[in-house]
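Please examine the sequence and the structure below. The briefing that follows is grouped by topic.

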Amino acid sequence: QVHGHGGVQFQNWAKTYGCSPELYFQPTSVEEIKEILELARQRNKRVKVVGGGHSPSDIACTDGFMIQMGKMNKILKVDKEKKQVTVEAGILLSDLNVELTKYGLALANLGAVSEVAAAGVIGTGTHNTGIKHGILPTQVVALTLLTAAGEILECSEGSHADIFQAARVHLGCLGVVLTITFQCVPEFYLQETTFPSTLKEVLDNLDSHLQRSEYFRFLWFPHSENVSVIYQDHTMALMGWALWFWDYAIGYYLLEFLLWVSTFLPFLVPWINRGFFWLLFTSKGEKVDLSYKVFNYECRFKQHVQDWAIPIEKTKDALLELKAALESSPKVVAHYPVEVRFAQADSILLSPCFQRDSCYMNIIMYRPYGKDVPRLDYWLAYEGIMKKFGGRPHWAKAHACTRRDFEKIYPGFPKFCSIREKLDPTGMFLNTYLEKVLY
Ligand SMILES: Cc1cc2nc3c(=O)[nH]c(=O)nc-3n(C[C@H](O)[C@H](O)[C@H](O)COP(=O)(O)OP(=O)(O)OC[C@H]3O[C@@H](n4cnc5c(N)ncnc54)[C@H](O)[C@@H]3O)c2cc1C
């Protein structure tokens, strides 16, 4: 008999959202998950599955049953010919990355952190950068789904293709993802080169930057023209080496302190942004390492974020408008950086890159020592601009959109909803976040 715990408090990574599930489960087998769903059906409870708990919103929260997938973390199969790996859905990418190196394989692209679970990552459409690369769920070639009725569906292009098209960005509302098969690539090294530039230069030469580097992204320092360009590209180097001109750790302790001081003196924020650009980002930096060690970087301390995808051709207009909005309202302060990344169009129903090459514009307000900093005016200005340019918000990150918005911005939204209603007619996998999005 499966056993759940009461009294567990769940909090996301940034400690910005939390909940108290009635019962908390950590199953070790598919049979146990089936029993939990059976119990939920008998008691008329809702169920939320959670992976790494990293989503900066309430998407993974519930007051019903919570299933934490951390013990469903095995590698089930490695197909060396096809370079595909099948894993249990709760495996953390940090573990998967290390395991893959044993087979000479790697994932072609990764987000900033890997303490996230395979099913959690795809559930919210996690992305990195690189215009020849899709968001992370495009690396999925098959998955298995346990539905509310207790049925196991094998989904891929060749089997339940419609459900597969929906389930690669599933929002946690289609059922319990049990296994995922990733298309991998041969293990590779990345060379990262960072160098300073200006917003004007980067926006004027966007196409050439995109062509010059496979994984190009840039950081803009609000309240200034400063930009840090980051190129990451395949390299043949066999030995990892890193060359840093500044001890980042010390820099970021100082940053947290100064941002905390600026909560009393907000006019300091533009100076902090400029000062840290000067300290950390004005010299050229290089490093070479295994791909996942270069893709991942430390997101030092807790933060609020928004990250919308707009059509790539709108990048320049949207960023210049955000800059103008900040210049015209000097009381609105914005922490650095605005991180600008790119991803290729795909055909996943709820992918922010559905049918269009996209630019993601991630804005941030840190929470120095856990203290919230006013962000409403910045958030509203940003959201207004994103909406104007046809933006689609990141599913994991806080946004104020509802079904009415999503029906306008996602051609496949009705199809996703009808698939969900068929798979989960009683709404077992819903929560407050999903009700807002789907109704
Ligand atoms: C420090 C930090 C850095 C980040 N960097 C990036 C980045 O570079 N790019 C980016 O796009 N995003 C980024 N994110 C966001 C992050 O990638 C997403 O929030 C991702 O979904 C987190 O994965 P998780 O395993 O923690 O998912 P969770 O937050 O645990 O869950 C996410 C969703 O998946 C569902 N779910 C999880 N497992 C299952 C399952 N087995 N079956 C069914 N549903 C399931 C949950 O119910 C929920 O709806 C970052 C977040 C943090 C905190």
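Two strands are said to pair if DSSP finds at least two bridges between them. Helices (H or I, at least four residues) and strands (E, at least two) are DSSP runs, numbered from the N terminus. This is a predicted model, in which local features need pLDDT of at least 70 and side-chain atom pairs count only at pLDDT 80 or more, while totals for chains, interfaces and linings use all residues. Residues are numbered from 1 along each chain as its sequence is written, and side-chain values use heavy atoms, with hydrogens and water left out.

**Domains**

- The domain assignment gives domain 1 (75–186) and domain 2 (189–393); such bounds come from an automatic or database domain assignment.
- The centres of domain 1 and domain 2, taken over C-alpha atoms, are separated by 26 Å.
- To the contact (heavy atoms within 4.5 Å), domain 1 contributes 29 residues and domain 2 contributes 28 residues.

**The three-stranded sheet**

- Three strands form an open sheet in the order β3-β5-β4, and their pairing is parallel.
- At the edges are β3 (23–25) and β4 (47–50), each of which pairs on one side only.
- From one strand to the next, the twist averages 20°; axes are lines fitted to C-alpha atoms, for helices over the stretch in contact, and angles run from 0 to 180 degrees between N-to-C directions.
- Four bridges connect β4 with strand β5 (residues 65–68) in the parallel sense, and Val49 has Ile67 of β5 as its bridge partner.
- Helix α1 (residues 30–43) lies across β3, β4 and β5, and runs at about 170° to β5.

**The five-stranded sheet**

- An open sheet of five strands has the order β6-β7-β11-β9-β10, with antiparallel pairing.
- The edge positions belong to β6 (75–79) and β10 (152–156); each has a single partner strand, so one side of each is left without a neighbour in the sheet.
- On average, with direction ignored, neighbouring strands of this sheet are turned by 15° against each other.
- Strand β7 (residues 84–88) pairs with strand β11 (residues 176–183) in the antiparallel sense over five bridges; within this pair, Glu88 has Thr179 in β11 as its bridge partner.
- Helix α1 also packs on this sheet, where it touches β9 (140–146), β10 and β11, its direction making about 140° with that of β11.
- Helix α2 (residues 93–102) packs on the sheet as well, touching β6, β7 and β11, and its direction makes about 140° with that of β7.

**Strand β13 and its partners**

- Strand β13 (residues 189–198) runs antiparallel to strand β15 (residues 226–235), and 10 bridges join them.
- Across this pair, Thr198 stands opposite Asn226 in β15.
- β13 is also joined by six bridges to strand β17 (residues 285–290), again in the antiparallel sense, with Thr193 opposite Glu286 in β17.

**Helix α8**

- Helix α8 (residues 269–281) has 13 residues, which should span 18 Å at 1.5 Å a residue; its end C-alpha atoms are 17 Å apart, which agrees. The expected span is 1.5 Å times one less than the number of residues.
- The residues of α8 that are buried (under 20% relative accessible area, with exposed meaning over 50% and partly exposed in between; 1.4 Å probe, protein chains only) are Val269, Pro270, Ile272, Asn273, Phe276, Phe277, Leu280 and Phe281.

**Helix α11**

- Helix α11 (residues 376–388) has 13 residues and reaches 18 Å from its first C-alpha to its last, close to the 18 Å expected at 1.5 Å a residue.
- In α11, the buried residues are Tyr378, Trp379, Tyr382, Glu383, Ile385 and Met386.
- Their arc around the axis is only 165°, which puts them on the same side of α11.
- On the other side of α11, the exposed residues are Leu376, Asp377 and Lys388.
- The cover over the buried residues of α11 includes β18 (303–311), α10 (315–328), β19 (338–343) and β20 (358–366).
- Gly390, which follows α11, has a positive phi, near 75°.

**Phe257**

- Phe257 is located in helix α7 (residues 248–262) and counts as partly exposed because its relative accessibility is 40%.
- Although Phe257 and Tyr369 are 112 residues apart in sequence, they are 8.1 Å apart in space, C-alpha to C-alpha.

Note on methods. The arc is that of the directions from the helix axis to the C-beta atoms.
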